[in-house]
Structures are given as C-alpha cells and as structure tokens.
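The sequence and structure are shown first, and the points follow by topic.

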Amino acid sequence: MGDTSIAANRSALKDFLASIATISGDLSNITAPPFVLAENSTVEIPQYWCDHAHLFVRQAWGETEEQRALNVLESFMGALRNQQYAGRDESEGIKKPLNAFLGELFMGKWEDEELGQTRLVSEQVSHHPPITACYIWNNKHGVRAEGFTEQEITFSGNVSIKQKGYAMLHIDKYDEDYLMPVPNVKVKGILGGKPYPELQGNYSLISSTGYVSQIKFEGKSFFGSGQKNGFEAKMFHVDRPNEILYEARGAWNGDSTFEDARTGKAIEEMDFASLKTLPLQIEDIAEQDPWESRKAWGDVIAALRRGDMKAAVDAKSIVEQGQRQMRKDEAANGTTWKNRFFKPVDRDEIFDKLSKQDPSSFTVDRQGGIWKVDKEAVQSAQKPYHGDLLPTNERTGGTGGSQHSAPSIDPKPPQNNTAAAIPTNGVSQQEETHVPGGKAPTQPPIDPPAQADLPVRPHTEPPSMRAPETPTEGPTDAQVEEFLRNKYSASPR
C-alpha cells in the first residue's frame with residue numbers, strides 16, 4: 001500500500017494546491033486527496049478541549065473570583081496544543097480532518113475517581129457553512145461548557161482558517177459565565193511536507209464577574225522574528241483596566257510562565273506539551289449509532305490506515321453522494337433537516353452582554369446561526385438517533401435500504417487535525433444526566449493524573465473538594481472531487 005504521509009506525496013500535494021489556488025472563495029468543503037486527510041472528522045475536534053480533564057474541572061476550584069478567572073485562562077491555554085494537533089505528534093505535522101456531514105455525531109466521556117465523570121456530545125449542525133456544536137459537562141464539580149464554531153478556509157500559499165463562533169463556560173456553584181473566543185489559525189510549512197498551525201490575533205476571555213484576560217498570539221514572522229507558537233496574556237478587572245493582576249507568556253504548545261504582575265513573582269510554570277491527558281472513552285464501533293462519526297466513516301478510516309487511497313476515495317464517495325441525495329430529497333419534499341442535540345436561537349443574552357467588553361474578539365455569522373444545546377434532547381436521547389435512516393441515504397431493513405455491518409478498524413488511535421471547535425454554558429444539573437451511547441468503554445484507560453500532576457498554586461483549590469460565498473472562479477469542489485476520484489480510484493462512481 002502507499003505511503004500516506006504528506007512528505008511522501010509532496011508532488012501530488014503541489015498538484016492539488018495548484019488546483020485550488022485559483023479558487024477565491026471558501027474551501028471548507030473542498031475535497032482533498034486522501035494522503036492529506038486525517039483519520040477523523042471535524043466533529044471529533046471538541047474532545048481536545050477536555051482531554052486535560054483536571055484543568056477543565058479545576059476551573060471551578062478557585063476560592064475567589066480572581067483565582068477562578070486565572071484558572072479559566074490556564075485551562076483555555078492548556079487546551080490549545082492538543083486542539084490544534086488533534087492527537088498527532090507535532091513532528092508528523094497536521095492533516096485535514098474529514099469534512100463532517102450534516103447530522104454527524106461524536107460522543108464520549110472521561111472518568112476519574114477524584115474528577116468524576118466528564119461527558120461530551122458533539123454534532124455537525126450545518127454543512128454549508130460547516131458548523132460544529134458541542135457540549136461538555138461535569139456534574140460532580142458543576143462545570144459545563146458549550147459552543148459552536150464555523151470555519152472559513154482560504155488558501156494563498158498558506159492555509160488560513162477563520163473561525164466564527166464562541167464558547168461559554170459556566171460554573172454552577174458561583175453562577176459564573178466565561179465567554180471564550182475561537183482563535184483564527186494559519187497553517188504554515190505545507191510545501192515542506194510538515195505543516196504546522198500558528199494561532200493569530202488578539203482575543204479576550206471575559207467573565208461575568210468582570211475579570212478579563214487579553215491574549216495576543218504572534219508566531220514566528222516571515223523574516224524569522226518572534227517565537228513559534230508564541231503568546232502573551234494579561235489579566236485585569238474591567239473596573240481597574242490599568243491594574244494588571246497576572247501576566248503569562250511563552251508557547252501555547254510548550255513552556256509558559258504565569259506570574260503575579262503585582263509582585264513580579266512567577267506563580268506557575270506550565271509545559272503544555274507534557275500535561276497529562278485522560279483517554280476519551282467511547283462505545284465499541286459495533287455498538288455505535290450509524291450517525292456516530294467513527295462508524296459512519298469506518299471504511300474510510302480503515303482504508304487510510306492501510307494506506308489504500310483508492311479504497312478511501314471510494315468509501316468516502318458513498319457517504320458524500322448519499323448526503324447530496326438526501327439534500328435533494330429534502331428540497332423536493334419541502335422538508336428540512338432536524339438536528340438531534342442542538343438548536344439555533346435568535347440571540348444569546350449572556351454573549352450579548354459579555355462580548356461588549358471586546359467585540360473584536362468574536363465573529364458570529366448570524367446567517368449560520370447561534371447554536372445552543374437542547375438539554376432535554378440530551379437527557380432523553382435513545383438510539384437510533386435518526387430512526388432507520390443512514391448517513392448514506394439508505395434505510396435499515398427498508399425498501400432500497402440495507403443494514404451495514406460495522407467496519408473493521410484496527411485499534412490504532414485516531415489522528416486528528418487543525419482547527420478546533422469549542423465548549424460553553426449550562427445544562428441539566430442532575431447528578432447523572434443520561435448520555436447517548438453511555439455503555440462501557442472499550443478504549444484502555446491510562447493512569448489518571450495524581451494530585452501531584454496537577455499544577456499547584458497556593459489557595460486556588462479547595463481542600464476537597466457562517467453564509468454562502470459569492471460564486472468563485474476556477475474549479476468547483478465537485479470538479480476537484482471528480483479529478484481526485486479519477487486519479488486515485490480504479491472504479492469511479
């Protein structure tokens with residue numbers, strides 16, 4: 001089988017880049033050659049906001065508003081590295097996730113004796129434009145987050161990923177909300193065969209208690225100045241904007257220092273590359289709903305792991321063509337797709353209030369929608385989530401339909417990619433909310449982080465505890481897909 005690394009396919013990569021260089025619009029849904037693809041879908045990316053589960057939970061542990069705001073800053077920064085590389089080793093570079101189809105689901109949980117159970121539900125709520133929504137919550141410690149992100153991708157030598165949306169964290173005990181941005185990303189080093197992400201821009205984390213953390217991302221420039229993956233941050237209260245309370249600097253994928261600006265003393269040294277993670281536990285593929293990501297893309301993932309690019313293109317086409325036909329059927333019948341766990345809302349009052357502190361940090365596509373979790377749907381969810389309808393537009397046991405068996409995928413951990421989706425605010429506060437697909441995990445656990453593995457700071461923890469683009473020039477995504485199918489597949493569809 002072929003080598004699926006980007007470096008080994010550099011010539012073909014240049015051909016692909018030349019084919020998209022004439023397209024002036026959004027490339028989010030463009031079909032990429034198989035060797036560029038990661039072994040996962042964009043709907044999986046939200047999990048990396050919480051694989052450092054101790055940082056996620058610790059956001060609720062500060063004894064004061066100031067301490068909790070600092071914990072939120074640290075947790076936000078600690079999630080960025082895994083979020084951008086999505087399970088891949090940095091030395092391998094990043095790959096493009098599969099374009100999630102409308103209605104695609106991903107769910108799982110993290111478990112630890114001290115931290116309790118933290119759960120995730122993620123859903124692709126829109127395909128044009130591509131929007132992923134997610135909800136992450138831990139009832140034991142009363143921390144919950146929900147959010148959505150819409151990506152707009154353009155290419156001009158580097159791949160630029162503009163993210164629209166936001167996340168909202170809620171701490172039950174103190175009834176506090178924290179508005180979080182979704183930073184823009186530029187993917188560099190593509191032609192060299194080792195693409196890597198650089199976060200770009202200035203953003204603010206804004207608390208309902210008045211604390212604001214301003215973050216500036218500035219990587220290495222074309223001329224070599226600056227620090228790769230570098231950032232600087234400062235925290236203050238809106239009532240005293242000139243009084244800087246804390247400062248942080250370093251690399252969001254490596255060493256960083258947090259210090260008390262009032263004393264100049266470092267209070268925490270963090271290496272984001274070595275933070276311990278908990279494994280995400282998901283159901284066995286055979287037990288998953290057909291709309292769950294790894295089952296739906298199972299044949300594609302298996303082919304990518306074998307290095308069989310022809311099989312990957314063919315398997316991917318079955319899902320994509322089924323989805324296109326589904327949209328045609330809906331248009332002919334005058335119906336619209338109904339999402340399972342998230343719903344659009346006209347406005348978010350908490351976002352409206354908090355974002356006034358720094359409107360430039362947040363871009364929301366009102367046509368793409370503002371998406372919030374449907375708490376009742378999460379609590380009452382039962383399989384099958386979409387009846388007998390399959391993502392391929394077939395039906396199980398129905399006329400013209402067939403029941404697909406679970407694809408055979410070797411247990412190699414998934415390799416994900418670049419930009420991220422996110423977390424945010426509130427949900428059911430019952431101690432154990434029902435989670436879709438909550439059976440026993442099949443992924444082997446690792447040792448949970450001991451208390452000594454948690455970054456220590458005195459007195460911070462309790463003793464216990466988007467719209468369619470104008471017509472573009474150049475080839476359409478369908479034309480590019482046909483080109484790739486003819487190039488890589490012996491059996492074009």
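**Salt bridges, a helix pair and overall composition**

K216 and E218 form a salt bridge in which the closest N and O atoms are 3.6 Å apart. The model is predicted. By the rule applied here, the count of salt bridges comes to 24.

**Salt bridges**

- K216, the partner of E218, is partly exposed, with a relative accessible area of 37%.
- D388 pairs with R395 in a salt bridge whose closest N and O atoms lie 2.5 Å apart.
- Side chains of opposite charge can pair when their charged atoms come close.

- E320 forms a salt bridge with K316, and the closest N and O atoms are 2.6 Å apart.
- Both residues belong to helix α6, where E320 and K316 are four residues apart, or about one turn of the helix.
- E320 and K316 are both buried, which means that each has under 20% relative accessible area.
- K316 also takes part in the contact of α6 with α5.

**Packing of helices α5 and α6**

- Helix α5 spans residues 298-306 and helix α6 spans residues 309-333.
- The two helices pack at an angle of about 170°, and their axes are 8 Å apart.
- Angles over 145 degrees count as roughly antiparallel, so α5 and α6 are roughly antiparallel to each other.
- On the α5 side, the contact is made by D299, V300, A303, L304 and R306.
- These residues meet A311, A312, A315 and K316 in α6.
- By class, the contact of α5 with α6 has six nonpolar and three charged residues, with no polar residues.

**Overall composition**

- The protein has 493 residues, of which 59% count as buried.
- Its secondary structure comes to nine helices and 17 strands.
- The protein exposes about 20,500 Å², and carbon and sulfur atoms supply 49% of this area.

Notes: Residues are numbered from 1 along each chain as its sequence is written. This is a predicted model: local features need pLDDT of at least 70, side-chain atom pairs count only at pLDDT 80 or more; totals for chains, interfaces and linings use all residues. Side-chain values use heavy atoms; hydrogens and water are left out. Axes are lines fitted to C-alpha atoms, for helices over the stretch in contact, and angles run from 0 to 180 degrees between N-to-C directions. Angles under 35 degrees count as roughly parallel, over 145 as roughly antiparallel, 65 to 115 as roughly perpendicular and the rest as oblique. Contact means heavy atoms within 4.5 Å. Ala, Val, Leu, Ile, Met, Phe, Trp, Tyr, Cys and Pro count as nonpolar, Asp, Glu, Lys and Arg as charged, and the others, Gly among them, as polar. A salt bridge is a side-chain nitrogen of Lys or Arg within 4 Å of a carboxyl oxygen of Asp or Glu. Buried means under 20% relative accessible area, exposed over 50%, partly exposed in between (1.4 Å probe, protein chains only). Accessible areas come from the Shrake-Rupley method with a 1.4 Å probe; for residues, only the protein chains shown count as cover.
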